[in-house]
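Please look over the structure below with the following notes beside it. They are set out as numbered points.

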Amino acid sequence: MKFALINGERKEAEPSLKGVCIGCGGPTLARCGEVRVNHWAHQGQRRCDSWWENETDWHRAWKNQFPSDWQEIVQTAENGERHIADVKTKDDWVLEFQHSYINPQERRSREDFYKKLIWIVDGNRRIKDKKRFFEILGDGGYQRDFPNLKSTFPEGALFRDWINSTAYVFFDFGEEDLWCLLPKSNEYYAFVLPITRRQFIEFHVGESMPSENRFEIFFKNYDLKPSEPAKVPPLVPATDAGNIHPNSILRLMNNRRRFRL
Ligand SMILES: [Zn+2]
């Protein structure tokens with residue numbers, strides 16, 4: 001973790017400091033080496049938050065975009081379950097920066113636990129994800145009925161891992177644009193939207209708009225349009241048949257076959 005308590009105050013790790021874990025109150029030691037970012041570790045092997053993952057430079061760079069008193073915020077459910085949110089904004093959005101693979105069950109648990117959750121996913125962890133994502137984006141989209149919003153056919157590992165998320169998911173491929181996968185996406189349609197990193201941060205920290213909750217208001221537009229996708233495979237539009245992703249035709253054929261039986 002980036003912070004531990006020393007005399008009740010949140011402090012960053014510095015060589016030879018000892019502190020108290022903000023999550024469980026256990027003793028922690030500062031770890032300041034060459035390989036990993038400076039952090040606090042529990043004495044012994046104790047892990048107080050089963051959801052916690054070791055932080056990379058990528059995690060730390062993201063956290064540091066936000067005020068330090070928004071970072072590593074302990075959240076306690078009514079049943080006493082406690083977790084440490086990577087960032088909690090003043091509008092009560094929890095931002096979770098996810099580098100490692102997360103299984104669907106744990107993803108759902110976190111989405112249930114943090115009601116207003118936004119995932120930021122490291123899109124560069126697996127070597128093929130970025131290439132595949134942009135291939136699919138280039139091939140698949142024939143619906144562009146709202147500015148910048150693209151519907152595409154969700155294939156590939158990234159979509160497989162995140163398509164059923166009920167939260168906003170942002171893929172970070174290390175470029176200025178993040179790609180938001182909207183919660184309404186399903187196994188047939190992925191609704192994706194580019195948004196610059198700067199704009200994303202501005203939504204949460206910025207003071208430039210009068211609104212209390214810029215993020216929510218911005219994304220409300222995309223909740224209305226296009227209309228909620230039906231849980232059916234995409235139909236081939238007659239006017240645009242030349243641009244159809246071959247997989248969509250395959251899927252359509254398979255589906256027709258299924259309907260006949
Ligand atoms: Zn702890």
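1. The largest nonpolar core has 36 residues, and I118, V169, F170 and F171 have the most contacts inside it. A nonpolar core here is a set of buried Ala, Val, Leu, Ile, Met, Phe, Trp, Tyr and Cys residues joined through C-beta atoms within 7 Å. A residue is buried if 20 or more other C-beta atoms lie within 10 Å of its own, exposed if 12 or fewer, and partly exposed in between, with C-beta atoms placed from the backbone. Strand β9 (residues 117-122) gives the most to this core, with five residues. Apart from it lies another core of six residues, including M1, A4, A13 and W40.

2. This is a predicted model, in which local features need pLDDT of at least 70, side-chain atom pairs count only at pLDDT 80 or more, and totals for chains, interfaces and linings use all residues. Residues are numbered from 1 along each chain as its sequence is written.

3. What does F171 touch, leaving aside its neighbours within four places in sequence? F171 is in contact with V121, G123, F133, L158, L178, W179 and L181. Two residues are in contact if their C-beta atoms, placed from the backbone, lie within 7 Å.

4. Seven helices and 14 strands make up the secondary structure of the protein. Helices (H or I, at least four residues) and strands (E, at least two) are DSSP runs, numbered from the N terminus. Of the 261 residues in the protein, 27% are buried. Among contacts with a separation of 6 or more, 47% are between residues 24 or more positions apart.

5. Strands β1 (residues 3-6) and β2 (residues 9-12) pair in the antiparallel sense over four bridges; strands pair if DSSP finds at least two bridges between them. F3 stands opposite E12 in β2. The two strands form a hairpin with two residues between them, and N7 in the turn has a positive phi of about 50°.

6. K11 is found in strand β2. Because 15 other C-beta atoms lie within 10 Å, K11 is partly exposed. Leaving aside neighbours within four places in sequence, K11 is in contact with F3, A4, I6 and G19. The C-alpha atoms of K11 and W40 are 9.7 Å apart, with the two residues 29 positions apart along the chain.

7. S16, in the loop between β2 and β3 (18-20), has a positive phi of about 65° although it is not a glycine. D92, in the loop between β7 (82-88) and β8, is not a glycine either, and has a positive phi of about 70°. S16 is exposed, with 8 other C-beta atoms within 10 Å; D92 is exposed, with 10.

8. In helix α5 (residues 197-205), F200, F203 and H204 are buried. Seen down the axis of α5, the buried residues fall within an arc of 90°, so they line one face of the helix. The arc is that of the directions from the helix axis to the C-beta atoms.

9. Confidence is given as pLDDT, the predictor's confidence in each residue, from 0 to 100. The mean pLDDT of the protein is 84, and 80% of its residues reach 70 or more. Confidence is highest in β9, at a mean of 98, and lowest in helix α7 (residues 246-260), at 44. Over residues 237-250 the pLDDT is below 50, and this stretch has 16 contacts in the model beyond near neighbours in sequence. Where pLDDT is low, the predicted coordinates should not be read in detail.
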